[in-house]
Every structure is written in C-alpha cells, then in structure tokens.
Amino acid sequence: MKWHFAELQNYKTEPLQVDETLDVKAAMLEKFSDIVLDIEPVHVTGFIQADRDDVMVHFHIETTVTTPSSRSLEPVALPLETDMDEIYIQEESHADRYEDDETIILIDYDLVDFSEAIMETIVVSIPMQVLTDAEKNSDDMPAGKDWEVISEDAYEARKAEDPDAKNTPLAGLADMLKDDE
C-alpha cells in the first residue's frame, strides 16, 4: 500500500476509497517475532483524503494474529479489529493545525508506505493479557519450586490475613542494617 504523496493530493474533493487485503506475514514475523507468531492476511477498508496539503487516513483493519499467551506462552489465535486514524504532513509547521491527541506523521520523502503503519497499529492493538481458552476457564495459575503466580484478589486476601507480614524476599535484610547503626 504505497502511494506518492503528490498523487494523494488529487483526492481533495472525493476521498480515495481503500479495500485491500495485505499479506504482511513475513514482515511481521521479522520485526515482531516476540509478539507475533503468525498472522492471517490483513483486510483494510477505509479512505485517504487530502486536506490543505496534508493527507488524512482512516482505515479499518481486520485480521487474526497468533500471539503467545501472557500466562503460559502457548499460541493463541486472536481475532483483531481496529481503526487507524493518522494525518501525514510534509511541512513540520502544519502540525499546529491539529489537536494534540491526533496522530501526526511527518514524512520527508514523497513515497508513503501505509503497510508499516498498519503493522504497527496491529501490534499496539494486541491486548496486554492474552489467554488460551483453557486458561480463561480455569483458576489454576502457574507455579514452581518456591514460587507461584496469584491473582490480585488472592494477594489482597493474603495481605489482609497478616498485615504485619513483610511481603518482599529482601525485607529481612532491613533488620541486618539496624545492628550497624
């Protein structure tokens, strides 16, 4: 999805309608291999429109990303659907035209590759917590020798049971410093 910025300037009155399917699998696996294990073709719909020498982009992005579970690292197929709204400018002074919460991209060349922005939008849309179906339906948490993962509720319950308990492994070192003083 590459266009010359000058070409996009022709769409001032009527927006350029976009309905494309992108295969970004190789690029995603190369750039984001720790987050993305696999990705289906990405369906992009929306429009691109020129406004006062700038280019406004609105894309609706749909795909399925396979990402590791945040608990067990097992692969999880995650359907994603998100929107991307960005403004592309060639003159830095044009940034003053827009609100602080708008995404403004300064480009210093004529060719605009929207594929990069689409891939980044997909990555930031992946939730922090991704669980397999089994993990969602179970209260079991990972555990090992001398460690366990507990929920926030379980942590608060343990803290309420013994409010004087020191909750860090290094808390005992504080007592050692008292003798030196």
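**Backbone and helix features of the predicted chain**

Aspartate 53 is partly exposed in this predicted model, its relative accessible area being 45%. The residue belongs to the loop that links β4 and β5, and its phi is positive, at about 70 degrees, although aspartate 53 is not a glycine. Arginine 52 lies in the loop between β4 (42-51) and β5 (54-68). The phi of arginine 52 is likewise positive, near 50 degrees, in a residue other than glycine. With a relative accessible area of 47%, arginine 52 is also partly exposed.

The protein chain contains six helices and 10 strands. Of its 181 residues, 31% count as buried. Among contacts between residues at least 6 apart in sequence, 61% join residues at least 24 apart. The chain exposes about 12,200 Å², of which carbon and sulfur atoms supply 49%.

Helix α3 comprises 12 residues (residues 114-125), and at 1.5 Å a residue it should span 16 Å; the end C-alpha atoms are 16 Å apart, in agreement with this expectation. Buried residues in α3 include Phe114, Ala117, Ile118, Thr121 and Ile122. At the start of α3, a side-chain oxygen of aspartate 113 comes to within 3.0 Å of the backbone nitrogen of serine 115; Ser115 is itself buried.

The mean pLDDT of the protein chain is 85, and 90% of residues reach 70 or more. Where pLDDT is low, the predicted coordinates should not be read in detail.

Definitions and conventions. Residues numbered from 1 in each chain as written. Predicted model: local features only at pLDDT ≥ 70, side-chain atom pairs only at ≥ 80, totals over all residues. Heavy atoms only, no water. Helix = DSSP H or I, 4+ residues; strand = E, 2+ residues; numbered from the N terminus. Expected span 1.5 Å × (residues − 1). Buried < 20%, exposed > 50% of the residue type's maximum accessible area, 1.4 Å probe, protein only. Polar contact = N/O pair within 3.5 Å; in protein donor to acceptor, adjacent residues only side chain to side chain. pLDDT = per-residue confidence, 0-100. Contact = heavy atoms within 4.5 Å. Areas by Shrake-Rupley, 256 points an atom, 1.4 Å probe, with all protein chains shown as cover.
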